[in-house]
Amino acid sequence: MQGGHDVTSAAVVVLDSSDAVARRVASFLLEKACQSKGVFRIALSGGSTPRKLYALMAQPDYADRFPWGRAQFFYGDDRFVPADSPDSNRGMAQSLLFAHVPVPRDNIHPMPDQGDADEAARTYEVELKRAYGADRLEAGRPLFDVVLLGLGENGHTASLFPRQPVLEEKTHWVASCVPDDAPHTRLTLTYPAIASSRHVLFLVTGAAKAAVLERVRVGDPVEPASHIRSEGEVVWIVDREAAGQATGKG
Ligand SMILES: O=C1O[C@H](COP(=O)(O)O)[C@@H](O)[C@H](O)[C@H]1O
């Protein structure tokens, strides 16, 4: 997709702590969802970083204000494991968030986790196309209002892993990926699907991410996350440790 913004032109918001990152992203989602008219589509990230965010969104003082009935929740990626596996992104979001809020069941769109992974990717793509109302992504009409992304120490984001064919996928919206440096077959949104968005938010916390964050922010082409674009904005929301800044306590 032409135009839009990439990781190097993205705004960078550095906050004091991972708690502050969760609060900022929760506020952002609430504001954008409330401002939107009609359906609000979010692609969720998995792994460990968004756990605080989802727990925060489940708190009554937040949940009472969020327009759950208009929000449609998709996944940016998931491990191809049953939902009750501790490694399931779907299971994590369900237990920390969806189990506690009045979201209609039909508004949650987990990635399939059984059968053949390539067929499962096609099935999820059909579900996305139904939600979007077209078979082709159109510039100026984003698939997602917000895509949440994390950043792995090996430069992966969603399940776009280094050295894998999925990095070359230009047509499909969803694909399978078998990382050579992480467990589980995965399903993931592809670069063009992520780029069809109003806002891409990267959440990055902890000192272990500082080196890769620095490489991606300058656009090192080796890192899969460096190739993320959005037709709207890309924003880094990071804590001081990930930003490589000393944490001033006290
Ligand atoms: O495997 C995954 O890793 C990334 C980063 O996870 P984190 O634990 O370092 O926060 C995550 O964004 C992705 O959704 C997940 O499947």
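Trainee: How much of the chain over residues 19-236 is helix and how much is strand, and how far apart are the end C-alpha atoms?

Mentor: Helices (H or I, at least four residues) and strands (E, at least two) are DSSP runs, numbered from the N terminus. Over residues 19-236 the chain is 30% helix and 19% strand, with 15 Å between the end C-alpha atoms. Bear in mind that this is a predicted model: local features need pLDDT of at least 70, side-chain atom pairs count only at pLDDT 80 or more, and totals for chains, interfaces and linings use all residues. Residues are numbered from 1 along each chain as its sequence is written.

Trainee: Which annotation covers residues 19-236?

Mentor: An unreviewed UniProt entry carries "domain: Glucosamine/galactosamine-6-phosphate isomerase" for that stretch. UniProt positions are given in the numbering used here, feature names are shortened, and annotations may be inferred rather than shown by experiment.

Trainee: Why does a radius of gyration of 17 Å agree with a compact globule?

Mentor: The radius is taken over C-alpha atoms, and the globule rule is 2.2 Å times the number of residues to the power 0.38. For 250 residues a compact globule would come out near 18 Å, so the 17 Å of the protein chain agrees. The C-alpha trace spans about 50 × 45 × 40 Å along its principal axes.

Trainee: Which strands pair with strand 6?

Mentor: Two strands pair if DSSP finds at least two bridges between them. Strand 3 (residues 40-44) pairs with strand 6 in the parallel sense over two bridges, and Ile42 stands opposite Val146. Strand 9 (residues 197-204) is also parallel to strand 6, over five bridges; there Phe144 has Ser197 as its bridge partner.

Trainee: And which residues of helix 4 are buried?

Mentor: In helix 4 (residues 89-96) they are Asn89, Arg90, Gly91, Met92 and Ala93. Their cover includes strand 3, helix 2 (51-57), strand 4 (71-75) and strand 5 (77-79), where contact puts C-beta atoms, placed from the backbone, within 7 Å.

Trainee: Last one: which residues come nearest to the ligand?

Mentor: Near puts the C-beta atom, placed from the backbone, within 6 Å. Of the 13 residues around the ligand, Gly46, Gly47, Ser48, Thr49 and Gly150 come nearest.

Methods
Buried ≥ 20, exposed ≤ 12 C-beta atoms within 10 Å, placed from the backbone. Contact = placed C-beta atoms within 7 Å.
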